[in-house]
Amino acid sequence: MSPWRVLIVEDDPDWIKAMTVFLNKEEDLLVVGAATSREEASKLAGTLEFDVALMDICLTPGRVDGIYAAMELIEARQGQVKVIMLTSLDDESVITQAFTAGAVQYVVKSEYRTLPQTIRGAVRGVNPLEALLKEFARLKREEQLRELTGAERELFELLEEGYTQPQIGRRLFKAESTLKNQVNKMLKKLRVKSSKEAVEKVRRGGLLPDPDSAGREDGNGESKR
């Protein structure tokens, strides 16, 4: 079977070289070309045969012109190419624009090691809506937890796993009064009145399904196990 042909559109030549070496190590992938601008990408769309384009969202500093380049590329190839957007940005509106432009996946550059798997998923027809919802869920969750300190976030994660406050106190070696104070501060930041509300709010805001309530604590911090 012939390898999937990949075009890289990225304004950083060093990143192109690194990703070319990285992707070409995969037996089923082959980088067949590269462009450093929207104009170059447009020209290659009419002359180069490729299956997937890795498109940097910001081909020009401060602009999301990669989104427009993706639209032009998809139109030029009459939809017969999969576009995966690459970015260092962590912005909901940019994600929405990328998928609206026709991208099928979205990868943060720092997670480049996932690219081979992402490319394979793209050419095999993975539903882009699933990727969009997954990314929205992650961003929404991060947005709601951003104000928490490291200790408060650790506390929240234990509550989310179903630990009661006494169990958390023993696990973290914290006095009851200290733990209670931290819980109250965390609840205030999340603008809720109970730990159960806090967990539900983050799940709901992050588009995550509620798990089976069995084994979870109730609003008073008592275990249901």
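Buried here means under 20% relative accessible area, exposed means over 50%, and partly exposed is in between (1.4 Å probe, protein chains only). This is a predicted model, where local features need pLDDT of at least 70, side-chain atom pairs count only at pLDDT 80 or more, and totals for chains, interfaces and linings use all residues. Residues are numbered from 1 along each chain as its sequence is written, and side-chain values use heavy atoms, with hydrogens and water left out.

**View A. Helix α3, residues 65–76.** Helices are DSSP runs (H or I, at least four residues), numbered from the N terminus. The buried residues of α3 are Asp65, Gly66, Ile67, Ala69, Ala70, Leu73 and Ile74. Just after α3 comes Gln78, with a positive phi of about 50°.

**View B. Helix α7 (residues 150–160) against α9.** The two axes, lines fitted to C-alpha atoms over the stretch in contact, come within 10 Å and cross at roughly 90°. That makes α7 roughly perpendicular to α9 (65 to 115 degrees, on a scale from 0 to 180 degrees between N-to-C directions). On the α7 side, the contact (heavy atoms within 4.5 Å) is made by Ala151, Glu152, Leu155, Phe156 and Leu159. The α9 side brings in Leu179, Gln182, Val183, Lys185, Met186, Lys189 and Leu190.

**View C. Phe173, in the loop between α8 (165–172) and α9 (176–190).** Phe173 isn't a glycine, yet has a positive phi of about 55°. Phe173 is also exposed, at a relative accessible area of 77%.

**View D. Arg191, in the loop between α9 and α10 (195–205).** Here's another non-glycine with a positive phi, about 60° for Arg191. Arg191 is exposed, its relative accessible area being 64%.

Conventions
Helix = DSSP H or I, 4+ residues; strand = E, 2+ residues; numbered from the N terminus. Expected span 1.5 Å × (residues − 1). Parallel < 35°, antiparallel > 145°, perpendicular 65-115°, else oblique.
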